[in-house]
Each structure stands twice: as C-alpha cells, then as structure tokens.
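Please examine the sequence and the structure before reading on.

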Amino acid sequence: MLLTRRLFVLPSTSGLLNHSLASESSAVVSNQPPLPYEHLPGDWKKGWRNLYHFWRKDGFHNMHHLMMKNYQRFGPIYRETLGTHDSVFIQHPEDAAALFQVEGIHPERLRIQPWYEYRDYRNKRYGVLLKSGEDWRCQRLILNREVLSVAGMNRFLPLLDSVGQDFVRRVYTQVERSDRGKWTADLTNELFRFALESICYVLYGQRLGLLQDYINPESQKFIDSVTLMFHTTSPMLYIPPRLLRLINSSIWTDHVKAWDSIFNHADRCIQGIYSSLRQRTNNTYSGVLSSLLLQDQLPLEDIKASITELMAGGVDTTSMTLQWAMYELARAPGVQEKLRAEVLAARAASGSDLTALLKRIPLVKAALKETLRLHPVAITLQRYTRRDTILHNHMIPPGTLVQVGLYAMGRNPDVFPSPEQFSPERWLGGGSTHFRGLGFGFGPRQCIGRRIAEMEMQLFLIHVLENFKIETNRMAEVGTTFNLIIFPSKPIQLTLRPLSL
Ligand code: 2DC
C-alpha cells in the first residue's frame with residue numbers, strides 16, 4: 001500500500017520540493033525498517049518560539065491555513081510543538097486508517113483544557129465528552145443506545161421531521177413579508193434557532209418554539225453563549241487557562257460566563273422534564289432525557305452533564321454545516337437540481353414513511369459528506385498512541401498525540417481530485433472512500449451526536465429542496481476562520497425562492 005502512495009507536491013518554493021522528495025523516498029522503501037521518531041521533519045524543537053510566531057501570524061484564527069502550509073513544507077507527516085502541545089500531524093487516509101486501527105477500546109482525543117478547568121472551578125461533573133477510561137466507556141455505551149442506535153434514530157426521526165417542516169413554514173412567512181417573492185438574509189441566527197429547536201426536541205421531547213417570531217430571550221442567550229464559549233476556547237488551547245485565570249484575563253472570565261449561562265439554561269430544561277416525569281401517564285417516547293431518567297442506569301448528575309454537552313454541541317455544528325451546504329448548492333452549477341430530482345422521486349416513492357424516504361436519497365447524503373469535506377467542523381481528529389505505531393514509515397512511540405489534518409485532507413488534490421469542486425457524486429462513483437469521510441470522526445469515540453446531526457440535516461435539506469431554490473451572489477467567495485470550530489469568515493447571504501412562484 002505504501003508503494004502506491006502518491007505524494008502531496010505543491011507548486012511552490014524549492015525547499016518544498018526537497019522535502020517532498022525526501023518523504024517520497026521514505027514512502028517507497030516501505031519494506032525497509034521504519035525511520036526512527038527523531039527523523040520526523042518539522043519544527044518541534046522550539047515550542048515556545050513557535051507559539052510566539054503562531055500568535056504573530058494570527059495563528060489562532062488561521063490554524064487550518066498554517067497547517068496546510070506545514071504540509072507543503074514538510075510533507076505528509078511532520079512533528080510540531082506549540083507551547084506545551086507536541087504532536088505528529090498526518091493527513092493521508094491510509095495513515096489515518098493505521099492510526100485508528102490501533103486505537104483500542106479507550107481511545108482519547110486532545111483534551112480541551114479550559115472545558116475541564118471550568119468544570120473543576122464550578123464543581124461540575126464531566127459529561128461523556130470529557131470523561132475517559134472505563135467510566136467513559138460504560139456511560140458511552142448506555143448513551144449510544146439512546147442516540148446512536150437504529151432504534152434510537154427511529155424514535156426521533158418524526159421529531160426532527162416536524163422541526164424541518166416548521167423551518168419551511170417560517171421561510172414562507174418571511175417571503176410574504178419581504179414582498180419580493182423571495183427571502184434574502186444571513187441565515188446564521190435562523191439556523192442556530194433551527195438547530196437548538198431540533199436538539200432540544202430530541203433531548204426533552206418538547207418544543208421551545210424557536211421558529212416563531214417571538215422567542216424566549218433565555219434561548220437566544222444560550223445560542224450566543226455557545227458561540228462565545230467556542231470563541232474564548234481557541235486561545236486557551238495553547239495558553240494555559242490556569243494562567244489566564246490567575247491574571248483574571250477577560251478570555252477566562254468570558255469563558256466562565258458563557259459556560260455559566262449554558263449550564264443554567266440546560267439545568268432549567270432538565271429540571272422541567274425531571275419534575276413532569278412523575279406525572280407522566282402515557283407511554284409515548286418523550287425524548288432522550290426522560291428515557292435515561294426512567295432507565296435509572298446512570299447517576300443523575302452524570303445524565304445532566306452529558307445532556308448539557310449534547311445540547312450545547314448541537315447548535316453551531318449542524319447549523320454551520322447546513323449554511324455551508326446551502327452555500328455550495330447555490331454555487332455549484334446543476335447540483336441542486338439533481339438533488340431536488342432525487343428528493344422528489346424519493347418522496348413520491350415513500351410518502352410519509354421517513355425511514356424509506358431516507359433510504360432513497362444517496363445524493364443528498366453525499367452532498368453533506370462533500371460539505372464536511374470542504375468545511376469540516378473539526379479541523380483535526382486526534383488520538384494518543386497506545387503502543388509503537390508505524391505511520392508513514394516512521395516509528396511513533398506510545399503516548400504520542402497524533403492529529404489527522406481533516407481540513408487539509410479534504411483539500412488535498414492527491415486524496416480528492418479537483419478538491420475545489422463541490423461534487424457530491426465523487427462519493428458515489430467507484431473511487432475509494434476508505435478513511436476519507438471522517439467528518440464525524442471514527443470508532444468508539446466518534447461524534448456521539450452523529451445520527452441526530454445526520455438525520456436533522458438530511459431532513460432539513462429534503463424540506464428546503466422540495467420548496468425553495470437556493471441562490472447566492474456567485475461573486476462572493478467566503479473564507480473560513482478557526483474559532484475552535486471552523487466558521488465562515490464573513491456573513492453569507494443566501495436567497496430562498498419558492499419553487500411554486
Ligand atoms: C479543536 O486542536 C482544535 O463536536 C484542537 O459538539 C483539537 C480539537 C479537539 C476536540 C474537538 C475540537 C478540536 C473542535 C470541536 C469538537 C471537539 C470535540 C467535540 C467538539 C469537534 C478539533 C464538538 C464541536 C462538540 C462540542 C460539544 C461541547 C459544546 C460540549
């Protein structure tokens with residue numbers, strides 16, 4: 001496999017060429033013993049100097065761009081030290097496969113230190129996102145049954161469908177109000193509300209009513225707090241939160257404020273369900289939280305912690321992905337029409353059977369994969385190695401933090417030909433998709449919200465495509481900013497035009 005690996009050669013400086021050749025020869029001689037760890041290319045001897053340069057180049061917001069530059073400079077595997085983080089970066093699907101194949105039953109990703117620090121500071125339990133070891137595994141398996149299994153999915157499918165329908169209704173209202181037969185807007189906040197409404201309906205079995213004109217200010221505050229929480233996290237990836245806490249920096253205090261209101265709002269939602277549970281009479285499904293409480297398998301405080309994480313994790317992730325999906329569908333010639341044709345045929349063949357409907361929309365699913373390829377939520381996937389692991393013909397010792405550059409992989413022409421083209425069909429043709437669609441991670445530690453997110457986004461696109469033509473100003477190319485997750489660097493204006501007009 002190593003023999004056939006093509007290399008990431010970019011037209012640039014001569015230094016680049018040298019590095020590419022160096023790594024090419026190492027890839028070709030794969031039947032020779034792997035190179036020692038110390039042979040890895042990269043700037044790993046000067047962690048604090050790197051951090052300084054990083055900061056000067058506004059690296060906190062440009063992590064993804066700097067990472068692509070590093071790949072060009074050093075080749076497909078390199079080591080980098082930034083402040084206290086020492087990592088090996090890879091981006092080839094084969095290397096990602098080698099990493100995940102040895103992850104074991106307790107895989108661990110990079111710890112987001114400020115998130116732990118906040119919980120320690122406020123004396124709160126860690127949810128399943130932050131837990132590790134056996135405790136993590138036991139709780140994760142119980143939660144999987146609720147949110148990741150087929151049975152779980154079938155229970156919340158109709159819930160997510162009705163939120164999608166409400167979004168469409170809201171767009172029609174806005175079209176009428178605009179008097180121009182269409183609605184043009186920056187949909188960021190509308191999509192935040194859609195996403196929060198969706199995740200809360202699944203978790204609590206109750207509607208918050210966020211797709212109406214008047215919305216509870218508490219909910220808007222929750223939405224704004226999640227965004228603020230992400231924004232204040234990224235500088236603390238490299239500057240120890242302890243230090244910022246000590247000097248009472250606004251990054252830390254804003255971060256605490258953000259988590260405080262996230263937890264307050266979640267607590268109120270959870271409390272409401274908890275008290276109404278005793279009065280319940282019927283046996284209909286009423287959300288993940290009730291189901292967990294009734295099972296009585298996890299300590300109440302742990303349930304609360306994980307439900308809060310799911311609620312906060314369900315806002316910016318799906319909404320941003322949907323915004324990018326609509327942006328790409330509006331720009332790629334002919335793609336939207338193909339998706340619409342598929343959706344209309346699938347609907348005609350399945351009526352109100354949602355499970356059947358979702359089985360008939362491979363192109364819509366591929367469009368979401370394609371969106372996450374170009375605009376992944378997570379810039380990297382990370383794992384700590386548990387034993388000696390050979391990655392790209394280098395020996396990596398146990399305990400090493402290895403990061404798969406997901407953003408870089410998605411734009412690497414050797415992995416995805418013509419990477420700049422939005423082409424959902426590339427996922428359906430005969431080409432290899434092995435370890436290429438990693439938008440939700442991989443294995444037992446993959447995104448726990450994956451199925452909720454997928455169903456929510458698929459149903460959203462179905463409803464939107466059935467009703468509206470998606471348009472945007474073609475001239476405006478939108479870049480990306482890293483704020484822990486990847487956000488558009490400027491507002492995206494989208495137009496939704498009813499098909500029936
Ligand atoms: C950020 O270098 C960059 O799904 C770091 O819904 C490595 C890293 C580690 C973990 C990643 C994080 C990055 C991005 C945001 C992720 C997070 C794991 C889960 C989280 C990808 C890539 C996210 C957005 C969750 C957040 C839930 C939270 C609000 C409770």
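In which helix do Asp 166 and Arg 169 both lie, and how many residues apart are they? Both belong to helix 7, which covers residues 150–178. They are three residues apart, which corresponds to about one turn of the helix. The model under discussion is a predicted one.

The side chains of Asp 166 and Arg 169 form a salt bridge, with an N to O distance of 2.7 Å. In general, side chains of opposite charge can pair when their charged atoms come close.

A second salt bridge joins the side chains of Arg 450 and Glu 454, with N and O 3.0 Å apart. These two residues are four positions apart in helix 19 (residues 450–467), so about one helical turn separates them. Are Arg 450 and Glu 454 buried or exposed? Both of them are buried.

## A network of charges

Lys 131 and Asp 135 also form a salt bridge, in which the closest N and O atoms are 3.0 Å apart. The two partners can be described by their relative accessible areas. Lys 131 has a value of 8% and is buried, because buried means under 20%. Asp 135 has a value of 38% and is partly exposed, because this value falls between the limits of 20% and 50%.

This pair belongs to a network of salt bridges that links Arg 125, Lys 131, Asp 135 and Asp 302. Across the whole structure, a search finds 28 salt bridges.

## The chain as a whole

The chain contains 19 helices and eleven strands. Its radius of gyration is 23 Å, close to the 23 Å that the globule rule gives for 501 residues, so the chain is as compact as a globular protein of that length. The C-alpha trace spans about 65 × 55 × 40 Å along its principal axes.

Of the 501 residues, 56% count as buried. Among contacts in the chain with a separation of 6 or more, 74% are between residues 24 or more positions apart.

## Surface and charge

The accessible surface of the chain amounts to about 21,500 Å², and carbon and sulfur atoms contribute 54% of it. How many positive and negative side chains does the chain have? There are 58 positive and 47 negative side chains, and the centres of these two sets lie 1 Å apart.

How values were computed. Residues are numbered from 1 along each chain as its sequence is written. This is a predicted model: local features need pLDDT of at least 70, side-chain atom pairs count only at pLDDT 80 or more; totals for chains, interfaces and linings use all residues. Side-chain values use heavy atoms; hydrogens and water are left out. A salt bridge is a side-chain nitrogen of Lys or Arg within 4 Å of a carboxyl oxygen of Asp or Glu. Buried means under 20% relative accessible area, exposed over 50%, partly exposed in between (1.4 Å probe, protein chains only). The radius of gyration is taken over C-alpha atoms; the globule rule is 2.2 Å times the number of residues to the power 0.38. Contact means heavy atoms within 4.5 Å. Accessible areas come from the Shrake-Rupley method with a 1.4 Å probe; for residues, only the protein chains shown count as cover. Lys and Arg count as positive and Asp and Glu as negative; His and the chain ends are not counted. The place of a charge is taken as NZ of Lys, CZ of Arg, CG of Asp or CD of Glu.
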